[in-house]
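Visitor: I would like to go through this structure one question at a time. Please keep the answers plain.

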Amino acid sequence: MRRLVITCLTLTLLTGCGMDDNTDPLQVTDNLTTATPATAPPASTPPAGTVHPAPPTQHTAYDPDTHTLVLAAGTQLHLIDTTTGAQRTLDLPAAPARLRAQTGQVLAALPDADQITRIDLRTTTAHPTPVPGAPVDALDLDPHRTAVALRDTATVTILTDGTPGTTTEKFEGPAQLLLTQAGQLHLLDTLTTAITPINPDTGEKGAGLRAGQGATNATTDRYGRLLTIDTRGQALLAFSTNPLVLKQRYPVPGTPYGLAYDPTTDTAWITLTATNELVGYDIAGGEPRETHRIPTITQPNSVTLDPETHTLYIASANGAGYQVVKP
């Protein structure tokens with residue numbers, strides 16, 4: 001098999017010298033569009049593992065404390081106990097833009113309801129917090145502070161015990177917040193397809209970097225890096241932080257989209273929406289190394305995992321169900 005060679009780059013930061021103050025130096029066109037997954041073809045290979053019925057699913061999350069798989073299908077959350085198979089359904093006032101599950105709860109950003117909501121997975125109760133501006137992501141910085149990315153105002157706001165405080169402005173399409181193990185906050189902007197550091201104490205922006213041709217999803221790893229899917233450019237990007245530098249760009253053909261990271265095995269799991277596959281890369285070395293290639297259900301837009309058992313959960317966005325795989 002032909003060996004794919006990694007490209008390591010140290011990029012020069014764009015400072016915008018000589019540009020209008022209102023011009024974003026990371027914006028390369030006036031007609032910005034967010035990259036999207038491919039429309040998956042019909043399945044040509046039976047999916048691995050076990051497939052369970054589920055409605056079209058936009059987002060997934062997994063909480064190890066309660067062993068709960070969370071599927072977001074429109075305005076409903078489907079909560080599945082992976083040890084017993086028991087299922088519960090929770091109706092939300094709007095569809096979530098992103099889910100985060102940990103310590104027995106789910107934090108959901110609901111842009112069309114102008115709120116973030118915490119769902120207690122043990123009691124199936126929701127605790128909303130109003131946040132005007134259409135929140136598309138929310139991330140807890142500590143027990144008292146929550147960072148919220150806002151679509152309509154194109155800002156990031158820090159809530160302290162629910163009260164708005166520091167705000168960072170002048171983004172284009174704030175989409176996903178990222179927090180490294182060292183406590184560094186970053187924002188993935190999917191319109192400018194860029195990553196920008198943010199100081200949550202002052203609201204100050206650091207120097208941002210381009211994240212490929214069309215970044216869509218990202219996560220952090222145990223080395224403090226930011227792993228980013230370049231869906232349009234069909235690649236896996238790895239950024240070091242402090243300072244923010246693009247260290248790796250590895251080709252991933254097949255229109256990559258969904259991303260999950262297993263910190264125990266150092267595996268980045270990526271869904272390929274053009275080929276109905278899930279590919280796993282060992283990212284512990286100097287370049288990613290493919291270790292798994294798994295046939296999936298059709299339109300595998302999202303993936304999550306149980307970090308204790310390494311079980312993978314892949315969800316279909318066209319109603320083909322969700323798939324359980326133990327690699």
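Visitor: Not counting residues up to four places away in sequence, which residues does threonine 193 touch?
Guide: This is a predicted model, and the answers are computed from it. Threonine 193 is found in the loop between strand 15 (185-189) and strand 16 (194-198). Leaving out residues up to four places away in sequence, threonine 193 touches Leu209, Arg210, Ala211, Gly212, Gln213, Gly214 and Ala215.

Visitor: Is threonine 193 buried or exposed?
Guide: A residue counts as buried when its relative accessible area is under 20%. Threonine 193 has 7% relative accessibility, so the class is buried.

Visitor: Which backbone nitrogen lies 2.7 Å from a polar atom of the side chain of threonine 193?
Guide: The side chain of threonine 193 has a polar atom 3.5 Å from the backbone nitrogen of glycine 214. For the distance of 2.7 Å, the backbone nitrogen belongs to alanine 215.

Visitor: How many helices and strands are there in the protein?
Guide: Threonine 193 was placed by naming strand 15 and strand 16. For the protein, the count is 0 helices and 28 strands.

Visitor: What radius of gyration does the protein have, and what would a compact globule have?
Guide: The C-alpha atoms fill a box of roughly 60 × 50 × 35 Å along the principal axes. With 327 residues, a compact globule would have a radius of gyration near 20 Å. The protein agrees with this, because its value is 19 Å.

Visitor: What percentage of the residues of the protein count as buried?
Guide: The protein exposes about 14,200 Å², and carbon and sulfur atoms supply 50% of that area. Of the 327 residues, the share that counts as buried is 51%.

Visitor: Which residue takes a positive phi in the hairpin of strand 20 and strand 21?
Guide: Strand 20 (residues 235-240) and strand 21 (residues 245-251) pair in the antiparallel sense over 6 bridges. Alanine 235 stands opposite proline 251 in strand 21. The hairpin has 4 residues between the strands, and the positive phi, near 60°, is taken by asparagine 242.

Visitor: What is the relative accessible area of glutamine 323?
Guide: Glutamine 323 is found in strand 28 (residues 322-325). Among the residues it touches beyond four places away in sequence are Pro47, Val51, Ile294, Leu312 and Tyr313. Glutamine 323 is buried, because its relative accessible area is 0%.

Visitor: Which backbone nitrogen does the side chain of glutamine 323 reach at 2.9 Å?
Guide: The side chain of glutamine 323 reaches the backbone oxygen of alanine 48 at 2.8 Å. At 2.9 Å, this side chain reaches the backbone nitrogen of isoleucine 297.

Technical notes
Residues are numbered from 1 along each chain as its sequence is written. This is a predicted model: local features need pLDDT of at least 70, side-chain atom pairs count only at pLDDT 80 or more; totals for chains, interfaces and linings use all residues. Side-chain values use heavy atoms; hydrogens and water are left out. Two strands pair if DSSP finds at least two bridges between them. Helices (H or I, at least four residues) and strands (E, at least two) are DSSP runs, numbered from the N terminus. Buried means under 20% relative accessible area, exposed over 50%, partly exposed in between (1.4 Å probe, protein chains only). Contact means heavy atoms within 4.5 Å. A polar contact is a pair of N or O atoms within 3.5 Å; within protein, one must be able to donate a hydrogen and the other to accept it, and residues adjacent in sequence count only if both atoms are side-chain atoms. The radius of gyration is taken over C-alpha atoms; the globule rule is 2.2 Å times the number of residues to the power 0.38. Accessible areas come from the Shrake-Rupley method with a 1.4 Å probe; for residues, only the protein chains shown count as cover.
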